[in-house]
Amino acid sequence: NLMRMVLSKAIDGEDNHAEQAALIAVIRQLLTNHASMDTALLACMLSLPNSPYLASLYEKADPVAISQARTQLQDQIAAELQTELLNCRQALQDQAQGLTAPAMAARSLRNAALAYLLHIDEARYRELAQQQFAQADNMTDQYTALCALVYAEHAETAAQEALAAFYQQWQHEALVVNMWFQVQATRPWGDVLQMVRKLLNHEAFDARNPNKLRAVIAAFASQNFAQFHDKSGQGYQFLAEQIADIDQRNPQMASRLLTPLTHWHQFTDAHATLMRAALESLAQRELSKDVYEVVSKSLNQT
């Protein structure tokens, strides 16, 4: 509730300094006393409410304001609590070994702390993630380190090196390659749309494979809230283009991929207009019955 209050005020442009200070104090106490707490629960408590949930709190949500509020709060938590986050992470190192439930919980908390630390532009934290990536003896730690590097705006070189190494190691494992696709399609900053277009031409991508479509196109549209809802509307047009293409081969898959665009009525008029325009561009095409029904039903909503 406190996180939601801090974020809601930030989204609304209201002063939230008092609530934010209270939140930072609570998290500091939790991290300092982590040894006496349920580790798995604490890892969950460090997670901010996700963007779709925050959008659901508004009659007309502003996706740009939501994304900015979440990023700013993550930056603030990291900046003010880096000592506690680092101490907590280091204290759990021995407990995070093995396949037991306590070990998995310890890894979850350590990785949550690492993700926050990568919001700080310091070489030591990038090196911490690189070290975890290189030395990980389990997929959770390796992939989480990869995500932390890719999602950090100031770790581009390290992220590209980790992405290349991860693909080299796992290129023959289709499910793991899908994870590799997904982390790139869900990066919350930069020209992700250009990256996604490159992924569609990657040697491991197959436009006829539904799992590959989910790993790239669905991941971008459904999981990358900040980039899909970019104010330019390019994300919406991209999805419409891809659906028109996929519809020729797999109407059922195409209709399912449409879902993010059908939520246009949940957003501010500027975004809703752009989302409707993408749907209307589809309506001008020859569509399968599956896709046409979804498009027409969505456009007829008031």
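Tutor: With axes. An axis is a line fitted to C-alpha atoms, for helices over the stretch in contact, and the angle between two axes runs from 0 to 180 degrees between N-to-C directions. Keep in mind that this is a predicted model.

Student: At what angle do helix α9 and helix α10 pack?

Tutor: Helix α9 covers residues 139-151 and helix α10 covers residues 156-170. They pack at about 145°, with axes 8 Å apart. The crossing of α9 past α10 is left-handed.

Student: Which residues in α9 and α10 meet?

Tutor: From α9, M139, Q142, Y143, L146, L149 and V150. From α10, A158, A159, A162, L163, F166, Q169 and W170. By class, that contact has eleven nonpolar residues, two polar and no charged ones.

Student: What span should α9 have?

Tutor: At 1.5 Å a residue, its 13 residues should span 18 Å. The end C-alpha atoms of α9 are 18 Å apart, so the two agree.

Student: Which residues of α9 are buried?

Tutor: D141, Q142, Y143, A145, L146, C147, A148, L149 and V150. The buried residues of α9 pack against α7, α8, α10 and α11.

Student: What caps the N-terminal end of α9?

Tutor: N138 does. One of its side-chain oxygens lies 3.2 Å from the backbone nitrogen of T140.

Student: Now a loop residue. Is T262 buried or exposed?

Tutor: Buried means under 20% relative accessible area. T262 has 15%, so T262 is buried. T262 sits in the loop between α16 and α17. Beyond four places in sequence, T262 touches V294, S298 and Q301.

Notes:
Residues are numbered from 1 along each chain as its sequence is written. This is a predicted model: local features need pLDDT of at least 70, side-chain atom pairs count only at pLDDT 80 or more; totals for chains, interfaces and linings use all residues. Side-chain values use heavy atoms; hydrogens and water are left out. Helices (H or I, at least four residues) and strands (E, at least two) are DSSP runs, numbered from the N terminus. A crossing is left-handed if the near helix is turned anticlockwise from the far one by less than a right angle, and right-handed if clockwise. Contact means heavy atoms within 4.5 Å. Ala, Val, Leu, Ile, Met, Phe, Trp, Tyr, Cys and Pro count as nonpolar, Asp, Glu, Lys and Arg as charged, and the others, Gly among them, as polar. The expected span of a helix is 1.5 Å times one less than its number of residues. Buried means under 20% relative accessible area, exposed over 50%, partly exposed in between (1.4 Å probe, protein chains only). A polar contact is a pair of N or O atoms within 3.5 Å; within protein, one must be able to donate a hydrogen and the other to accept it, and residues adjacent in sequence count only if both atoms are side-chain atoms.
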